Each structure stands twice: as structure tokens, then as C-alpha cells.
Amino acid sequence: MTSGTSFSNTFERCNKWTTFAPGVANPNAMSKARGVKSCWLSNSKLVSFPQMNFPECTDFSKAWENCTALTSFPSVDYSSATDLSNAWWGCSNLTTHADISAPNLVTMNSTFYSNKFTISP
């Protein structure tokens, strides 16, 4: 896989998966991705997602939108991210998410819309 690869809509609506694991696609191979827009969109049975690195990825918009079974989300490398718009929009059971460090972030519209986060003081 070469630098600049786009995974837009690649695994959209794969509703039989409960986890995205290396057996499905090698997380290290995806590390060269430049875009994962809508990649896992509407995977309604996706319960877990592995910690992955996307050091070159700029577009995460709608990446996990409507993944309604997700309850938590691990640490992911967002160091090149510029767009997280609607990334977890509609993930109605998402209650926890690892810290996000995205120093190049420009757009974050409705990123966590319709989630059940509990905010601690």
C-alpha cells in the first residue's frame, strides 16, 4: 500500500462485524491512509475498534458515523487530522473516548453529536 491511499467508504455498512480486527484488514497497512472518510459508516454491530495509527490521515469525516453499538473508543493517531466532522455522529451508545490530540485540526462540526458522554469535573 502506498502513501496517499484513500479508504473512503471501504467498509461502509459491513453490518455483520462486531469488531474491526487485523484479520479483516491489517491496521499497520492502513497507517499510510490519507483519508478514511465514511470508512466504517453505519456499521451498526461494530462493538469495538482497535487502537490504530493514522499518522498521514487528514480526513476522518463521518469515519464511524452511526456505529451505534460502539460504547468506547481507543486512542488513535490523529496527528495529521484536519477534519473530524461527524466522525462519531449518531454513535448513540458511545460513552467514553480516549483523548484526542489533533494539532492540525480545522473542522470538527458535530463530531460527537448524539453520544452519551459523561463529563467529569
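**Exercise 1. Determine which residues S75 touches, leaving aside residues up to four places away in sequence, and describe where S75 lies.**

Solution. With contact taken as heavy atoms within 4.5 Å, S75 touches Q51, M52 and A98 once residues up to four places away in sequence are not counted. The model is a predicted one, in which local features need pLDDT of at least 70 and side-chain atom pairs count only at pLDDT 80 or more, while totals for chains, interfaces and linings use all residues. Residues are numbered from 1 along each chain as its sequence is written, and side-chain values use heavy atoms, with hydrogens and water left out.

S75 counts as partly exposed because its relative accessibility is 34%, where buried means under 20% relative accessible area, exposed over 50% and partly exposed in between (1.4 Å probe, protein chains only).

**Exercise 2. Characterise the aromatic pair formed by W40 and W64.**

Solution. Rings of Phe, Tyr and Trp (its six-membered ring) pair if their centres lie within 6.5 Å, and planes under 30 degrees apart count as stacked, over 60 as edge-to-face and the rest as tilted. By this rule the count comes to 15 aromatic pairs. W40 and W64 form a stacked pair, with 5.3 Å centre to centre and 0° between the planes. The pair links distant parts of the chain, 24 residues apart, since W40 sits in the loop between strand 2 (33-35) and strand 3 (52-53) and W64 in the loop between strand 3 and strand 4 (72-73). W40 counts as buried because its relative accessibility is 0%, and W64 is likewise buried, with a relative accessible area of 0%.

**Exercise 3. Characterise the aromatic pair formed by W88 and F112, and state how accessible each residue is.**

Solution. W88 and F112 are stacked, at 5.0 Å centre to centre with 5° between the planes. W88 lies in the loop between strand 5 (76-77) and strand 6 (96-97) and F112 in the segment after strand 6, so the pair ties together parts that are 24 residues apart in sequence. W88 is buried, with a relative accessible area of 0%, whereas F112, at 24% relative accessibility, counts as partly exposed.

Note on methods
Helices (H or I, at least four residues) and strands (E, at least two) are DSSP runs, numbered from the N terminus.
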